[in-house]
Amino acid sequence: MVTRRRTRHSRSTIVRPVTFSSFARSVAHLATAYTSKRQKLEMKLQRYLSSAPGDGFVKQSLEEKSEESESSEEEELQGVIQADFEFFDPKPDDFHGVKVLLQNYLDNEQWDLSAFVDLILGQTTVGTVVKIEDDGLFAVVTALNLGRYKDHKCMMEIKEFLIKVCQDKDVMDDLRLLWDEQAHGVGLLVSQRVANLPPQLLPPLYNALFDEVLWATEDEPTEELRKAFCFKSYLIFSKIYKHKNADHKKGKNSHNEEVIIYIKPEDEIFHKLCLWSFCFPLHSEHVTTHELRNYRLMGLVMVVEADKVANFREELHSLIDEP
């Protein structure tokens, strides 16, 4: 099997919530409760490819230094915080960390999450976990073939959950088709992370995923495995804040309130590029703030065709790199 190396680019930036408008940025910042005080941190992000044998992981060296401010909260942040973000292939030792990140993956549904985590960790050629040494696991991203794993209980439970929450008949037909006739060409794209993961890590993280998918179609040892990564589309579900009067609003109102606030910046790109989508109300606990009083936490399900991936990667880079 050919060993592939991932490449990264260094840059400096300001850490802030990444969305497409100033209003959404401010609300997204407030929506991440335990990071809402970490404003305007000056970040220096240096990436380099480790020469260590074995995993061949990428180490992200992150130095954060707070700016001068009259705010007492920001004064407390003065000094330097060092954090080395490392990209690894998933391993069994990551079970607890991945399970914690995915604990609300199906809202408050009772399902076989442990078996789902085992599927993710068992697929080592495609998938990445992000860690800081001695400080836990901060992100996981992977893509699982629906057809390959359709008979596993956890995947059947995901299917049943989505069918249960889908209220649109036309979309329901598409959803059933996706899980049945089209399943072997569909990748369930799983991307979960802590709220304050630096957004500068997103382009290399998604680049790694889509590069590994491509490489797997060439490098996997059997034809069956190679075909398992020949995705024609990706199924994605995430969370958003949707305005309570969204059905009567278009764009923004006089108070500059947007219809949708994307918790993950990449979801707005996926949503724009998707073939079809639907939303449904969530019941798990979530942050409530004055700024979010007119919004409801919703699940967002999207299907994105694989030929849109290049557009996604380009737009994600542009979004993160914007001044």
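Are Phe 278 and Phe 280 buried or exposed? In this predicted model, Phe 278 is buried, and Phe 280 is buried as well.

**View 1. The aromatic pair of Phe 278 and Phe 280.** A search of the whole structure finds 15 aromatic pairs, and one of them joins Phe 278 to Phe 280 in a tilted arrangement, with 6.2 Å from centre to centre and 40° between the planes.

**View 2. An aromatic cluster that includes Tyr 206 and Phe 312.** Tyr 206 and Phe 312 belong to one aromatic cluster together with Phe 210, Phe 229, Phe 231, Tyr 234 and Phe 270.

**View 3. The largest nonpolar core.** This core has 93 residues, and those with the most contacts inside it are Tyr 105, Phe 116, Ile 158, Leu 188 and Leu 235. Its largest share, eight residues, comes from strand 11, which covers residues 295–305.

**View 4. The surroundings of Tyr 105.** When its neighbours within four places in sequence are left aside, Tyr 105 is in contact with Trp 111, Phe 116, Ile 158, Leu 188, Leu 189, Val 190, Gln 192 and Phe 237.

**View 5. The largest cavity and its lining.** The whole structure holds two cavities of 30 Å³ or more, and the largest cavity contains about 60 Å³ of space. Of the 13 residues that line the largest cavity, Leu 189, Ser 191, Ile 236, Phe 237 and Lys 264 lie nearest its centre. At least two lining residues come from each of strand 7 (186–193), strand 8 (233–243) and helix 9 (265–273), and strand 7 gives the most, with four residues.

Key:
Residues are numbered from 1 along each chain as its sequence is written. This is a predicted model: local features need pLDDT of at least 70, side-chain atom pairs count only at pLDDT 80 or more; totals for chains, interfaces and linings use all residues. Side-chain values use heavy atoms; hydrogens and water are left out. A nonpolar core is a set of buried Ala, Val, Leu, Ile, Met, Phe, Trp, Tyr and Cys residues joined through side-chain atoms within 4.5 Å. Buried means under 20% relative accessible area, exposed over 50%, partly exposed in between (1.4 Å probe, protein chains only). Contact means heavy atoms within 4.5 Å. On a 1 Å grid over the protein atoms alone, a cavity is a set of points where a 1.4 Å probe fits but cannot get out, and a pocket is an open set with protein on both sides within 12 Å along at least five of seven lines; lining residues have an atom within 4 Å of a point. Grid points are joined across faces, edges and corners, and a volume is the space filled by probe spheres set on the points. Rings of Phe, Tyr and Trp (its six-membered ring) pair if their centres lie within 6.5 Å; planes under 30 degrees apart count as stacked, over 60 as edge-to-face and the rest as tilted.
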